[in-house]
Amino acid sequence: MDGPPGWGAPLHARVLDLAGVGAGTTVLDLGCGPGTFAAAAVARGARVVGIDADRSAVAAAAAEVPEADFMVGDAHDPPPGPFDLVAAVQVLQHVANPLAVLRAGARVGSAVAVTTWGPEEDCDVRAFGEALAAWLPPRRTPAGPPPLTDPVRLRKIVGLAGLAIEAEDEVECPFTYPEADALVRPLFASGIGRVAVARAGEEAVREAVLTRLDVNRTRTGGYVLRNRFRVLLTRLTRPAAPPAP
């Protein structure tokens, strides 16, 4: 489930601050989506190239941020650059091979910035799953390594890519909803929301979510969900491995 408009502003600002992005900085935005991070970088005077596999997202980004250049492509195979910063903002958990993406970023950028969700217990969005748990399949511990939200695994992958961590930080991003419909409506369109609605109906799902999130309700009738994200700024420590044949 996507966050509400503007949720990523604190995260984008922290990445740009850590990387010292300013006038003339060249930035590659991996998995640019509709261009929200690119817009924040352009606002600081950066020259931005964005890449995304989703053609509709690239079209939306180009319309939203005409000052930047956007292209359809794979984060595993970025344009050659060179770039002062390669930004992988909330991207690694969506790619087939995070290590390959980091190695590719290291080949074309002087610095690589990575962001992930923080610990589940520090993210209020977990409340959606908790509210709908009675109608969802039981959660199973996935086989294989821990998720990239695990800081130990994330640091290991960064190291395997030949990158050294220059700065590491956490940032809180509030998900702010003006009223109950704005909170619940996107949930109905999400994967877990559709499953729960199919089993229990919209009214039951709505009631369960609003009951669980009553502690997040504001005095004006809106809702604020506080979520923590991790930010790493890295630089190459050794020549990047060549791409696999």
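This is a predicted model: local features need pLDDT of at least 70, side-chain atom pairs count only at pLDDT 80 or more; totals for chains, interfaces and linings use all residues.
Helix axes are lines fitted to C-alpha atoms over the stretch in contact, and the angle between two of them runs from 0 to 180 degrees between their N-to-C directions.

**Two pairs of helices**

Helix H7, which covers residues 180–189, packs against helix H8, which covers residues 191–200, at an angle of about 85°, and their axes are 5 Å apart. Because angles of 65 to 115 degrees count as roughly perpendicular, H7 and H8 are described as roughly perpendicular to each other. On the side of H7 the contact is made by Leu187, Phe188 and Ala189, while H8 contributes Gly191, Ile192, Gly193, Arg194 and Val197. Sorted by class, the residues of this contact between H7 and H8 comprise five nonpolar, two polar and one charged.

Helix H1 (residues 9–19) and helix H2 (residues 36–43) form another pair, packing at an angle of about 50° with their axes 10 Å apart. H1 and H2 are therefore oblique to each other, and H1 passes H2 in a right-handed crossing. The residues that make this contact are His12, Val15 and Leu16 of H1, together with Thr36, Phe37, Ala40 and Ala41 of H2. In the contact of H1 with H2 there are five nonpolar residues, two polar residues and no charged ones.

The table sets out the geometry of both pairs.

| Helix pair | Angle | Axis separation |
|---|---|---|
| H7 and H8 | about 85° | 5 Å |
| H1 and H2 | about 50° | 10 Å |

**Two single residues**

Is Thr115, a residue of the model, buried or exposed? Thr115 lies in strand S5, which spans residues 109–117, and its relative accessible area is 0%, so Thr115 is buried. Leaving aside residues up to four places away in sequence, Thr115 touches Leu11, Val15, Ala88, Val89, Gln90, Gln93, Arg230 and Val231. With one of these neighbours, Gln90, the side chain of Thr115 also makes a polar contact, side chain to side chain, at 2.8 Å.

Ala60 belongs to helix H3, which runs over residues 55–64. Its relative accessible area is 34%, and Ala60 is therefore partly exposed. Along the chain Ala60 and Trp7 are 53 residues apart, and in the model their C-alpha atoms are separated by 18 Å.

Definitions and conventions
Residues are numbered from 1 along each chain as its sequence is written. Side-chain values use heavy atoms; hydrogens and water are left out. Helices (H or I, at least four residues) and strands (E, at least two) are DSSP runs, numbered from the N terminus. Buried means under 20% relative accessible area, exposed over 50%, partly exposed in between (1.4 Å probe, protein chains only). A polar contact is a pair of N or O atoms within 3.5 Å; within protein, one must be able to donate a hydrogen and the other to accept it, and residues adjacent in sequence count only if both atoms are side-chain atoms. Contact means heavy atoms within 4.5 Å. Angles under 35 degrees count as roughly parallel, over 145 as roughly antiparallel, 65 to 115 as roughly perpendicular and the rest as oblique. A crossing is left-handed if the near helix is turned anticlockwise from the far one by less than a right angle, and right-handed if clockwise. Ala, Val, Leu, Ile, Met, Phe, Trp, Tyr, Cys and Pro count as nonpolar, Asp, Glu, Lys and Arg as charged, and the others, Gly among them, as polar.
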